[in-house]
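Colleague: I'd like to learn how to read a model like this one, feature by feature. Could you walk me through it?

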Amino acid sequence: MTIAEALRAVAPPAAADTDDEARVRAAALEIVYIELHRLARSRVGDRTEAEDVASTLAYQIASTGPRDADRSPPTDGQARAYLWTAIRNRMVDRHRVARREQGDDDLDRFEGAVDLTDHAEVEERMALLTQAQQLLYGEAVPAIARETDGRFDRDGFLTAVQQMRALHQRSLTLDALLVETDGQVTAAGRNRLYKQHERARTRLLGALPAWLEGRRLDSTLDQVLRRLAATELASRVTRGAGA
Amino acid sequence: MTTEQIEAFLAQAFPGQPLPGQSGLDAGAVGDAERLLLPEPQVDEARTSRPGVAIVPPALLHVRSDALEAAGIEAGFDEDTRALVLTASAHLAFGLAEPGQLRTSGDAGGTRFQVPTDRAHAFGVWSAAGPLAIGSVGPRAIELRVVNAWPAPPLPASVVIANWSRWHATMAAGRVARGFEPDATEADAIPARRWLRSVTADQRALIERFAIVRLHAIESQLLRLQEGLGVDQQLDFAWQSLCWHRDDVEGLRVLLREAGAGQTLATAVRGVDDIGRAVRFSWPSDIDVHDERLQRVSEADPGAWWGSTRRQVVWL
């Protein structure tokens, strides 16, 4: 099987309809992983990081397959370029998150909820921002928290939102947060926080449009609130490898 | 309409379908009711109208119905005949049914129907594969409900949100199947991927129809952007929303493909993706659209135009 053929066939083997199909998918997955690992090792110095990137991406690429022939690279050369782009897209994000944790604001492309240099009515805009903050944290978050259940309990959701907000406002650092909760800074602790924040963010941003639709805010306030949520609750914790 | 009336109506109007309580048409398959108020004739209009002398056919009043729109059917109101006029394009043909009326697949091949509003009655909108919507005409309003006549997907409890419709749950199954739901595990993806193998061909055809309608909405938004026409919200939010919708359709495409179906959707996707790639290719560099979901798209399928604008796209 060529790399291009493997990229077309790759999909979770456990979901295959027949044993033969499962074998083809497993073989394709192995080829894709080996090529990803080879490419990652050639560009990424750290062996563990290269393995981590290759295995994560192999799973992700398999999850979106199988691919139709016209939506997949036709040659091995193009398939390698495709896989390399996937690696690059992942590595850039990992480094961006890591640098942002170190306080490098240049990589944070969100400009904040309101551009204060754009217009003269600064006071009016600040009032709008304050109103959006009150609505987001005073009404939307508690309302969405009331609907959380299952693995993500209400208190866990509220705590995660408070932590994300504090990290955004820099009133709390990641290390301080881990020391406060675990007594030490560890990769496992970082992983746990990453998961908790990711789940809370997904829950909140997923439920927010429906809440806003029901609340029927003025369109400007609606937009400011959406941007505020995307800005203040953007990811600021990465997986544990960096700790 | 009460739940009992809905169930009785579906059983009468769609005799080929499983009954409520069996797989397919359970309570969760019927969406929330929306009420469309019938326009009242103005006193002056009534006093001055002269039937029979009109030269230009009257234009229809546009009727906004989320239930019908989701099924790919446009609605208008004819003030002269006081009828709801339902239309669809040829590839989204449909039919109308009333309780007790026998229907066959061939009857669902129409593209324009009128629903009289001069008497109280119930009606159903269906495709050859099954029901799409049900409605009831009252003295002052028409009540409509979308029907997603397929069983609920197997989703982990941590993913399900209480007020989700069947359609929302179906799209969530697509995300779970592709590992895009943070609350779902790798093991959760397998039953989601296998789910559509266990439903009927008609039920798969219904899901495909709703997905194609969703895709048409994406296409018209893309064309507006391509032609430089305005969108209803800020460009970055409009693009983010468009990308999420396209990604939802991708999830449905994967589910259908795993069940050996979805060829019509796959063909429709190709045309829309050509436009999407063209818009993304000339995307203004200063408009940043990025979130975790779009980042994930850029990693899992770098050929997808609907990934993060901060990341590279492979032009396939």
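Predicted model: local features only at pLDDT ≥ 70, side-chain atom pairs only at ≥ 80, totals over all residues.

Colleague: Okay, take a bridge as the example. In E4(B), which residue is the bridge partner of B:Gly76?

Modeller: That's B:Val85. The bridge belongs to the pairing of strand E3 (residues 74-78) with strand E4 (residues 83-87) in chain B, which is antiparallel and runs over five bridges. Another residue to look at is B:Asp78, which sits opposite B:Ala83 of E4(B).

Colleague: And what happens in the hairpin of E3(B) and E4(B)?

Modeller: There are four residues between the two strands, and B:Arg82 takes a positive phi near 50 degrees.

Colleague: In what order do the strands of that open sheet come?

Modeller: The order is E2-E3-E4-E6 in chain B, four strands with antiparallel pairing. Strand E2 (61-63) and strand E6 (112-116) of chain B are at the edges with a single partner strand each, so one side of each has no neighbour in the sheet. From one strand to the next, the twist averages 30 degrees. At the E6(B) end, E4(B) pairs with E6(B) in the antiparallel sense, again over five bridges, and B:Thr87 has B:Arg112 as its bridge partner.

Colleague: How do I read the two faces of a strand?

Modeller: The general idea is that side chains in a regular strand alternate between the two faces of the sheet. In E4(B), B:Leu84 and B:Leu86 make up the covered face, while B:Ala83, B:Val85 and B:Thr87 are on the uncovered one.

Colleague: What about the nonpolar cores?

Modeller: In soluble globular proteins, nonpolar side chains tend to be buried together. Here the largest nonpolar core has 99 residues, and those touching the most other members are A:Val10, A:Val32, A:Leu36, A:Ala58, B:Ala133 and B:Val176. Helix H6 (residues 201-226) of chain B gives the most to this core, with nine residues. A second, separate core of 21 residues includes A:Leu128 and A:Ile144.

Colleague: Which residues is A:Leu36 in contact with, leaving aside its neighbours within four places in sequence?

Modeller: They are A:Ala54, A:Leu57, A:Ala58, A:Leu83 and A:Ile87.

Colleague: Last one: how many residues does each chain bring to the contact?

Modeller: Chain B brings 36 residues and chain A brings 37. On the chain B side, helices H5 (186-194), H7 (235-258), H8 (263-281) and H9 (292-300) each supply at least two residues. H9(B) gives the most, with five. By type, the residues on that side of chain B are 13 nonpolar, nine polar and 14 charged.

Terms used
Residues numbered from 1 in each chain as written. Chains lettered and ligands numbered in written order. Pairing = 2+ DSSP bridges. Axes fitted to C-alpha atoms, helices over the stretch in contact; angles between N-to-C directions. Contact = placed C-beta atoms within 7 Å. Nonpolar A, V, L, I, M, F, W, Y, C, P; charged D, E, K, R; others polar. Buried ≥ 20, exposed ≤ 12 C-beta atoms within 10 Å, placed from the backbone. Core = buried A, V, L, I, M, F, W, Y, C linked by C-beta atoms within 7 Å.
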